[in-house]
Amino acid sequence: MSHHSPGYSITIRMRYPNRPGLLGRITTTIGEADGLIGAIDVVESQETRTIRDFTISAVNVTHGEQVVAAIRGLEDVDVLN
């Protein structure tokens, strides 16, 4: 993949169950898609679920779309925005 650009970053809001290992699966999927995580912010946390914003640097628009597609492929993870 080409050069990641801090000038091209996306923020993906996700909702998923509070289960051990699920955050790790999400971050691994982002890394395997060659996304570079800049920040992870908790938006809402309840007993059974969490909503977080992930800020990810990508190479370009197409690469950003590929990262989102990889995340959408995860079971139990809802991409909200």
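Modeller: A salt bridge here is a side-chain nitrogen of Lys or Arg within 4 Å of a carboxyl oxygen of Asp or Glu. Keep in mind that this is a predicted model. Side chains of opposite charge can pair when their charged atoms come close. The structure holds four salt bridges.

Start with Asp78 and Arg15. Their closest N and O atoms are 3.6 Å apart, and the two form a salt bridge. Asp78 sits in strand S4, residues 78-79, and Arg15 sits in strand S1, so this pair ties together parts 63 residues apart in sequence. How exposed are the two partners? Asp78 has a relative accessible area of 37%, which makes it partly exposed. Arg15 is partly exposed too, at 28%.

Next come Asp76 and Arg19. This salt bridge has its closest N and O atoms 2.9 Å apart. Both partners lie in loops: Asp76 in the one between H2 and S4, Arg19 in the one between S1 and H1, so parts 57 residues apart in sequence are tied together. Asp76 is partly exposed, with a relative accessible area of 35%. Arg19 also counts as partly exposed, at 40%.

Another salt bridge joins the side chains of Arg49 and Glu44, at 2.9 Å from N to O. Arg49 counts as partly exposed, with 25% relative accessibility. For Glu44 the value is 28%, and this residue is partly exposed as well.

Now turn to the core. In soluble globular proteins, nonpolar side chains tend to be buried together. Here the largest nonpolar core has 16 residues. Which of them have the most contacts inside it? They are Ile12, Met14, Ile26, Ile71 and Val77. The largest share, four residues, comes from S1. Strand S1 also holds Arg15, the partner of Asp78.

Look at Ile71 in detail. What does this residue touch, leaving aside residues up to four places away in sequence? Ile71 contacts Ile12, Met14, Thr29, Ile30, Val77 and Val79. Among these, Ile12, Met14 and Val77 are, like Ile71, listed with the most contacts inside the core.

So follow strand S1 on the model: S1 gives four residues to the core, and its Arg15 pairs with Asp78 of S4.

Conventions. Residues numbered from 1 in each chain as written. Predicted model: local features only at pLDDT ≥ 70, side-chain atom pairs only at ≥ 80, totals over all residues. Heavy atoms only, no water. Core = buried A, V, L, I, M, F, W, Y, C linked by side-chain atoms within 4.5 Å. Buried < 20%, exposed > 50% of the residue type's maximum accessible area, 1.4 Å probe, protein only. Helix = DSSP H or I, 4+ residues; strand = E, 2+ residues; numbered from the N terminus. Contact = heavy atoms within 4.5 Å.
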